[in-house]
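Keep the sequence and the structure at hand as you work through them.

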Amino acid sequence: MSGQTYPDRMIHSEKLGGHMAAAVSGLDLNRADTKTYADLLDALHANLVLCIRDQTLAPVPFRDAMARFGTPVLRKQLAATPDCAEVNIISSEDRDELGDGKKLVNGASWHTDDSFMREPCSLTMLYGVVVPSRGGDTQFTNMYAAYDALPDETKARIADLQVIHKYQSSRQTNRVSKRPASEMAAMPEATHPLVRTHPETGRKALYLNANRMEQVVGLERAESDALLDALIAHAIEPRFQYRHVWRQGDVVIWDNRCTMHKANADYPEGERRLMHRVIVAGTAPV
Ligand code: SIN
């Protein structure tokens, strides 16, 4: 589904970034059939980030459309819409309600969603409900390409390494919201491979999260920090990135098993940015 028009369905797709990301237009997710959803999933696997333009989706239909890609899961770290608990809100008005009450920018440093969970979500869907006049882009980086570009000796060194991920990591670069003890108990630390194999494409990808990784298992802290810092710096080189400039009505779906992303809060003061988010269940990385 790349650079094509489907006359029977009036669907058009175009490449967005050189090495990742595509956009699809002429499609109403509320009415799409099973074949179309299968094509969208193929396009996502090929492009890692897929934007579906011009959608109008209330929370429940948004959740139901995303349920065609997997099982939506509840996460309490973000506020939810009143209509649908599986639809989280990411907004320019977000605050650390249980902490200091100050403004918080969710996702402002490079990360892959949910890596502090033992079975992190596979896909994230973000729907641009209100988009600022400029700024507020989401950046993505291609973790297959970042892995492929590593020198062979680095690949050999990291092949069997595991990393501890935590909701509140001591290496954290972006503040995350304070959560009650009951919720923290449901998010004990998770240990994941540094290189994971995508369960559907079979490709290897670096698996990093600048905001949640604590330490490489079996390495001294200084050596672990140096390795993680070097791998993050490599993975976010501009050659691996795509930057999504939002249009109102975009639904952007990305695969957390082979990408990292980051939000930018650089839009004009006083302008609003409102996103609705659904994530779908994944499996323990291997
Ligand atoms: C996220 O990190 O999931 C949010 C990304 C964004 O708001 O652009």
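## The ligand shell

The residues around the ligand are Ile90, Gly107, His111, Asp113, Leu126, Thr138, Trp254, His261, Ala263 and Arg273, where a residue is near a molecule if one of its heavy atoms lies within 4 Å of it. The model is predicted: local features need pLDDT of at least 70, side-chain atom pairs count only at pLDDT 80 or more, and totals for chains, interfaces and linings use all residues. Residues are numbered from 1 along each chain as its sequence is written, and side-chain values use heavy atoms, with hydrogens and water left out.

**Exercise 1.** Sort the shell around the ligand by class.

*Solution.* Count Ala, Val, Leu, Ile, Met, Phe, Trp, Tyr, Cys and Pro as nonpolar, Asp, Glu, Lys and Arg as charged, and the others, Gly among them, as polar. The shell then has four nonpolar, four polar and two charged residues.

**Exercise 2.** Find polar side-chain partners for oxygen atoms of the ligand, using N or O pairs within 3.5 Å.

*Solution.* Start with threonine 138, whose side chain has an N or O atom 2.5 Å from a ligand oxygen. Next, take histidine 111, where the corresponding distance is 2.9 Å. Finish with histidine 261: one of its polar side-chain atoms lies 3.1 Å from an oxygen atom of the ligand.

How values were computed: A polar contact is a pair of N or O atoms within 3.5 Å; within protein, one must be able to donate a hydrogen and the other to accept it, and residues adjacent in sequence count only if both atoms are side-chain atoms.
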